[in-house]
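Hi everyone, thanks for coming. Let me put the structure up on the screen, and then we can walk through it together.

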Amino acid sequence: MGGSASIYFFAGDFADVLVRHAEGREQTYATHDECAKLFKGLLGAGVELTIYSFVTPEGREERPLDGLRVVSLGARCYADSGLLHEAVAKDRSDAIVAHFPNRELLRAVIGANCRSMAVLANSYNRRGPKAWL
């Protein structure tokens with residue numbers, strides 16, 4: 001497979017997700033073990049992977065596994081603007097996955113010169129970015 005990909009999540013400490021998964025500890029959210037499996041599967045297929053987390057206590061970058069970069073953007077709330085646009089503008093991945101319905105993120109991803117996909121849960125209401133798409 002190879003190449004590179006970025007996945008943009010709303011929130012989460014994904015370096016911690018990988019530690020908890022490796023140690024067999026309970027995750028903060030039920031789906032985090034599945035995220036850890038996805039990340040490891042992509043890395044195993046030779047994909048250089050960057051995971052972005054929007055709402056985090058601080059902005060930081062970690063490299064918990066070879067080929068994996070975890071970027072915490074440090075937003076305080078959903079309405080914080082500029083961080084997502086800036087991150088996508090600097091992103092040089094071959095493919096980008098927007099994993100939450102934020103208009104700034106979706107507009108930036110649409111404007112990026114790469115393959116992209118939005119993954120939006122059906123739990124989001126009928127108004128807002130999901131309806132906009």
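Let's begin at the start of helix H4, where a side-chain oxygen of Asn102 comes to within 2.9 Å of the backbone nitrogen of Glu104. That is a polar contact, meaning a pair of N or O atoms within 3.5 Å, where one must be able to donate a hydrogen and the other to accept it, and residues adjacent in sequence count only if both atoms are side-chain atoms. H4 covers residues 103-111, and its buried residues are Glu104, Leu105, Leu106, Ala108 and Val109. Buried here means under 20% relative accessible area, exposed means over 50%, and partly exposed is in between, with a 1.4 Å probe and protein chains only. Helices are DSSP runs of H or I with at least four residues, strands are runs of E with at least two, and both are numbered from the N terminus.

Before going on, a word on the source: this is a predicted model, where local features need pLDDT of at least 70, side-chain atom pairs count only at pLDDT 80 or more, and totals for chains, interfaces and linings use all residues. Residues are numbered from 1 along each chain as its sequence is written, and side-chain values use heavy atoms, with hydrogens and water left out.

Next, salt bridges. How many salt bridges does the count come to? The count is 9, taking a salt bridge as a side-chain nitrogen of Lys or Arg within 4 Å of a carboxyl oxygen of Asp or Glu.

One of them pairs Glu23 with Arg25, with the closest N and O atoms 2.6 Å apart. Arg25 is partly exposed, at 37% relative accessible area.

Another joins Glu34 and Lys37, whose closest N and O atoms are 3.5 Å apart. Both residues lie in helix H2, 3 residues apart, about one turn of the helix.

Then look at Arg60 and Glu58, whose side chains meet in a salt bridge at 3.1 Å, N to O. Arg60 is partly exposed at 26%, and Glu58 is partly exposed at 43%. Through shared partners, salt bridges link Asp13, Glu58, Arg60 and Glu62 into one network.
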